[in-house]
Amino acid sequence: MTREVMEAVEEAQLLLVGIGTEWETPVDGLKEDPFYGPLLLQAGRAGGGPLEQYVQFHCLRRHPDPRRMAAYGKLERLLAGKNYFIVSLCRDDLIFESGLDADRIVTPCGGFRAFQCAGSCEGGGEKGLLRDEDAMESILSRIDEGALDPEAFPRCPSCGKPLWFNQISSPDYREEGYLPQWNLYTKWLQGTLNRELCILELGAGMQFPQIIRFPFEKVAYFNRKARFFRIHSRLYQLTEELREKGVSIAENSVDFLLEESE
């Protein structure tokens with residue numbers, strides 16, 4: 001990690017961190033996997049939908065990416081003792097397996113920590129969401145056996161239909177799952193104006209730029225005491241307005257964060 005980034009983090013009163021999809025564990029290769037490939041075929045024959053999410057969930061829980069977990073560990077050590085907030089686009093939930101403070105994290109794209117029903121059904125839970133660790137463990141146990149029986153997986157207590165995970169890829173995504181944390185984030189952000197703020201944008205490209213990329217640029221522009229670091233393998237460029245207070249680094253942000261520890 002460059003000395004300039006380290007010094008900016010150390011000197012800052014507050015740290016705003018954006019984590020983009022460079023950090024999300026890819027699941028595209030599961031079709032070629034000898035264990036998960038046949039399960040995805042079963043899911044497709046059964047109509048796909050939430051069953052494909054269950055297979056992805058199993059892979060992410062049983063086989064968390066070690067390199068990304070190491071990067072989260074490095075980020076945890078970097079932010080230790082600091083006043084920070086993290087906005088993440090990742091849906092794999094690995095960030096919640098790290099030592100980072102969950103109360104200082106918001107994931108607007110959702111993940112695998114709650115269920116929801118599709119359509120107008122309220123799903124039988126608070127704000128249409130169900131948080132059931134036993135049901136999640138049941139999914140893991142059944143897929144451990146290499147079987148994918150649609151009738152054996154969680155169903156909505158209200159309408160009886162299969163439950164989806166509460167994430168943006170699900171139909172009728174329920175934003176209620178992340179809004180309480182988003183409200184905490186916006187309140188925290190209000191307290192950063194004209195304070196020593198270090199902004200780390202890690203791997204956030206043009207997927208959902210209205211969540212991280214554009215708002216972070218705006219925060220950096222209006223805060224006269226802000227330092228802004230944009231790190232991305234391809235989309236690392238800065239706007240002209242941020243040239244004097246920003247630094248662009250053309251590198252995969254996970255690799256960049258791990259450099260010092262290798």
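In this predicted model, three strands form an open antiparallel sheet in the order S5-S4-S6. Strands here are DSSP runs of type E with at least two residues, and helices are runs of type H or I with at least four, both numbered from the N terminus. Two strands are taken as paired if DSSP finds at least two bridges between them. Because S5 (129–130) and S6 (164–167) each have a single partner strand, they stand at the edges and one side of each lacks a neighbour in the sheet. Strand S4 (residues 110–116) is joined to S6 by 3 bridges, and Gln-116 has Trp-164 as its bridge partner in S6.

Helix H3 (residues 50–62) lies across S4 and S6, at about 70° to S6. Helix H5 (residues 133–144) also packs on the sheet, where it touches S4 and S6 and makes about 110° with the direction of S4. The angles run from 0 to 180 degrees between N-to-C directions of lines fitted to C-alpha atoms, for helices over the stretch in contact. Contact denotes heavy atoms within 4.5 Å.

Residues are numbered from 1 along each chain as its sequence is written. Local features need pLDDT of at least 70 and side-chain atom pairs pLDDT 80 or more, whereas totals for chains, interfaces and linings use all residues; side-chain values use heavy atoms, with hydrogens and water left out.

Strand S2 (83–88) takes part in parallel pairings, as tabulated.

S2 is mostly covered, with 5 of its 6 residues buried. Buried means under 20% relative accessible area, exposed over 50%, and partly exposed in between, with a 1.4 Å probe and protein chains only.

The largest nonpolar core contains 32 residues, and those with the most contacts inside it are Ile-19, Trp-23, Leu-75, Ile-86, Leu-100 and Leu-200. Elements giving two or more residues to this core include helix H1 (3–11), strand S1 (14–19), helix H4 (66–79) and strand S2 (83–88). H4 gives the most, with 5 residues. Apart from this core lies another, of 26 residues, among them Leu-40, Leu-60, Cys-156 and Leu-163. A nonpolar core is a set of buried Ala, Val, Leu, Ile, Met, Phe, Trp, Tyr and Cys residues joined through side-chain atoms within 4.5 Å. Leaving aside neighbours within four places in sequence, Leu-100 is in contact with Tyr-72, Leu-75, Glu-76, Leu-79, Tyr-84, Ile-86, Ile-95 and Ile-105.

Ser-233 is placed in the loop between S8 and S9. Its relative accessibility is 35%, so Ser-233 counts as partly exposed. Beyond neighbours within four places in sequence, Ser-233 is in contact with Glu-22, Glu-251 and Asn-252. The C-alpha atoms of Ser-233 and Asn-252 are separated by 4.3 Å, although these residues are 19 apart along the chain. The side chains of Ser-233 and Glu-22 are joined by a polar contact of 2.6 Å. A polar contact is a pair of N or O atoms within 3.5 Å; within protein, one must be able to donate a hydrogen and the other to accept it, and residues adjacent in sequence count only if both atoms are side-chain atoms.

Overall, the chain has 8 helices and 9 strands. Buried residues make up 50% of its 262 residues.
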